[in-house]
Amino acid sequence: MEKASKTEMVRRTVIFLVGLALNSLGVALVTKASLGTSPISSIPYVLSLNFSASLGMFTILFSLLLIALQLILLRKQFRPVQLLQIPVSLLFGYLIDGAMMLLALFSPNQYASQLGCLILGCVVLGVGVYLEVLADIVMLPGEAFVRAVTVCAKTEFGKTKIAFDVSMTVIAGVLSFVFAARLDGVGVGTIIAAAAVGWVAGMVARFAAKVTKKA
């Protein structure tokens with residue numbers, strides 16, 4: 001029984017790490033499309049455009065801020081296992097920088113290729129999100145913060161997630177105007193990513209359920 005439990009934990013960890021790697025690649029692809037990055041990455045991306053630190057480094061800092069906010073909101077309800085978000089955030093940030101370096105020479109400059117890159121990024125992100133949910137080990141700080149808000153405010157997760165994404169996008173837009181006097185890093189791609197990633201994750205989940213049922 002113990003051996004089976006350890007095997008299951010290893011399997012879930014591998015699934016989670018694959019999902020995290022796909023998430024980082026998806027973020028890089030969406031960002032490379034230059035049509036606006038995903039809502040959760042919009043603030044780190046705008047900051048990376050205006051300061052010397054990388055997208056991955058600002059993602060780490062932003063994630064640590066969200067973890068700190070969870071501690072403030074949940075207090076005694078914050079479980080020690082949720083501290084796993086810290087190493088996961090560090091790994092995610094480094095993976096994003098790695099993916100950006102991997103795609104360093106990839107710069108689509110035609111609208112059709114940019115749109116294709118954006119759609120591919122959304123698909124990769126959606127699959128990554130599905131794998132992270134499937135692994136059920138730890139949530140990334142963005143989703144964990146939304147869950148903390150739902151616990152404290154007694155709101156629905158779906159509606160709170162939408163409000164969170166909209167807030168991140170608006171704040172990123174304001175920061176862009178403050179630092180660069182123009183809207184940069186937020187665009188139509190941000191809206192598409194906000195709608196498409198969850199849809200893709202849901203489609204993958206339904207497909208996986210059908211395959212599992214047939215098997």
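This report walks through the overall build of the protein and then a few of its helices and residues.

What you have here is a predicted model, so treat every value below as computed from it.

**Overall build**

The protein is helical in its secondary structure, with eight helices and zero strands. Read from the N terminus, the order is simply α-α-α-α-α-α-α-α. How does that set of helices pack overall? The radius of gyration is 17 Å, close to the 17 Å that the globule rule gives for 215 residues, so the protein is as compact as a globular protein of that length.

On the inside, 42% of the 215 residues count as buried. Contacts reach across the chain too: taking pairs at least 6 apart in sequence, 76% of the contacts join residues at least 24 apart.

**Helix α2**

Helix α2 takes in residues 39-50. At 1.5 Å a residue, its 12 residues should span 16 Å, and the end C-alpha atoms are 18 Å apart, which agrees. Is α2 enclosed or open? Nine of its 12 residues are buried, so the helix is largely enclosed by the rest of the structure. The buried ones are Pro39, Ser41, Ser42, Ile43, Pro44, Tyr45, Val46, Leu47 and Ser48.

**Two residues to look at**

Ser24 and Ile171 sit in helices of their own: Ser24 is in α1 (residues 2-32), while Ile171 is in α7 (residues 157-180). Here is how they come out on accessibility:

| Residue | Relative accessibility | Class |
|---|---|---|
| Ser24 | 3% | buried |
| Ile171 | 40% | partly exposed |

The classes follow from the cut-offs: buried means under 20% relative accessible area and exposed means over 50%, with partly exposed in between. Ser24, at 3%, is therefore buried, and Ile171, at 40%, counts as partly exposed.

Which residues does Ser24 touch, leaving aside those up to four places away in sequence? The list is Phe92, Leu95, Ile96 and Ala99. For Ile171, there's a distance to note instead: its C-alpha atom is separated by 21 Å from that of Leu73, and the two residues are 98 apart along the chain.

Definitions and conventions
Residues are numbered from 1 along each chain as its sequence is written. This is a predicted model: local features need pLDDT of at least 70, side-chain atom pairs count only at pLDDT 80 or more; totals for chains, interfaces and linings use all residues. Side-chain values use heavy atoms; hydrogens and water are left out. Helices (H or I, at least four residues) and strands (E, at least two) are DSSP runs, numbered from the N terminus. The radius of gyration is taken over C-alpha atoms; the globule rule is 2.2 Å times the number of residues to the power 0.38. Buried means under 20% relative accessible area, exposed over 50%, partly exposed in between (1.4 Å probe, protein chains only). Contact means heavy atoms within 4.5 Å. The expected span of a helix is 1.5 Å times one less than its number of residues.
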